[in-house]
Amino acid sequence: MKIRDAVETDLPAIVKIYNSTIPSRMATADLEPISVESRRSWFDQHSSSSRPIWVIEDDQAIAGWLSFQSFYGRPAYQATTELSLYVDPAYRRCGIGRQLLSQAIHQSPSLGLKTLLGFIFAHNQPSLQLFESLGFQSWGYLPQVAELDGVERDLVIMGLRITPLY
């Protein structure tokens, strides 16, 4: 397995993996599949030096991806980022998410980051357990903020303060 910066030719695989999570109603608030074209500007807003998108490859197949997204869009939050993490169905429960999230934690100081956030549905226990196992704590709880197929769902804000190693 190799983690690397995503390139534009990875975008179809990134979108395919993202779309694979929509039917479960566990990982995204999107209700319909998205297109590659609709994600181009999102992809272009990322930078390998500060807000990367990473993919993890297994024998040239993309098994999952992680992105760093600016939080709240104001300069005072520059050292805070929201993480998004998605794994191909064929690779779930194989440690892919743990590898990507561990790498994000480890690399955060070199990206100028001090705080990592994850916004996770309260019913997504596998993701909550993964984040908790790597030191994230519940920093916020937003009850009934999403409606998925007529069911109101809660959102948990998971946070981790990065302590630089000197």
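## A buried ring pair

At 4% relative accessibility, Phe131 counts as buried in this structure, which is a predicted model. Phe136 is likewise buried, with a relative accessible area of 3%. The ring centres of Phe131 and Phe136 lie 4.8 Å apart and their planes meet at 65°, so the pair is edge-to-face.

## Other aromatic contacts

Across the whole structure, a search finds 8 aromatic pairs. In one of them, Phe71 and Tyr72 have ring centres 6.0 Å apart and planes at 35°, so this pair is tilted. Phe71 is partly exposed, with a relative accessible area of 22%, while Tyr72 is exposed, with a value of 54%.

Ring pairs also link Tyr18, Trp42, Trp65 and Tyr86 into a cluster. Arg39 lies over the face of Tyr18, at 5.1 Å from the ring centre, and the charged end of Arg39 also sits over the ring of Trp42, 4.4 Å from its centre.

## The sheet and a helix across it

An open sheet is formed by 7 strands in the order β1-β2-β3-β4-β5-β7-β6, with mixed pairing. Because β1 (2-5) and β6 (137-148) stand at the edges with a single partner strand each, one side of each is left without a neighbour in the sheet. On average, and ignoring direction, neighbouring strands of this sheet are turned by 25° against each other.

Within the sheet, strands β3 (residues 61-70) and β4 (residues 80-87) run antiparallel and are joined by 7 bridges; Trp65 stands opposite Tyr86 in β4. Helix α4 (residues 125-133) lies across β4, β5 (115-121) and β7 (151-161), and runs at about 160° to β5.

How values were computed
Residues numbered from 1 in each chain as written. Predicted model: local features only at pLDDT ≥ 70, side-chain atom pairs only at ≥ 80, totals over all residues. Heavy atoms only, no water. Pairing = 2+ DSSP bridges. Helix = DSSP H or I, 4+ residues; strand = E, 2+ residues; numbered from the N terminus. Axes fitted to C-alpha atoms, helices over the stretch in contact; angles between N-to-C directions. Contact = heavy atoms within 4.5 Å. Phe/Tyr/Trp six-rings, centres within 6.5 Å; stacked < 30°, edge-to-face > 60°. Buried < 20%, exposed > 50% of the residue type's maximum accessible area, 1.4 Å probe, protein only. Lys NZ or Arg CZ within 6 Å of the ring centre and 35° of its normal.
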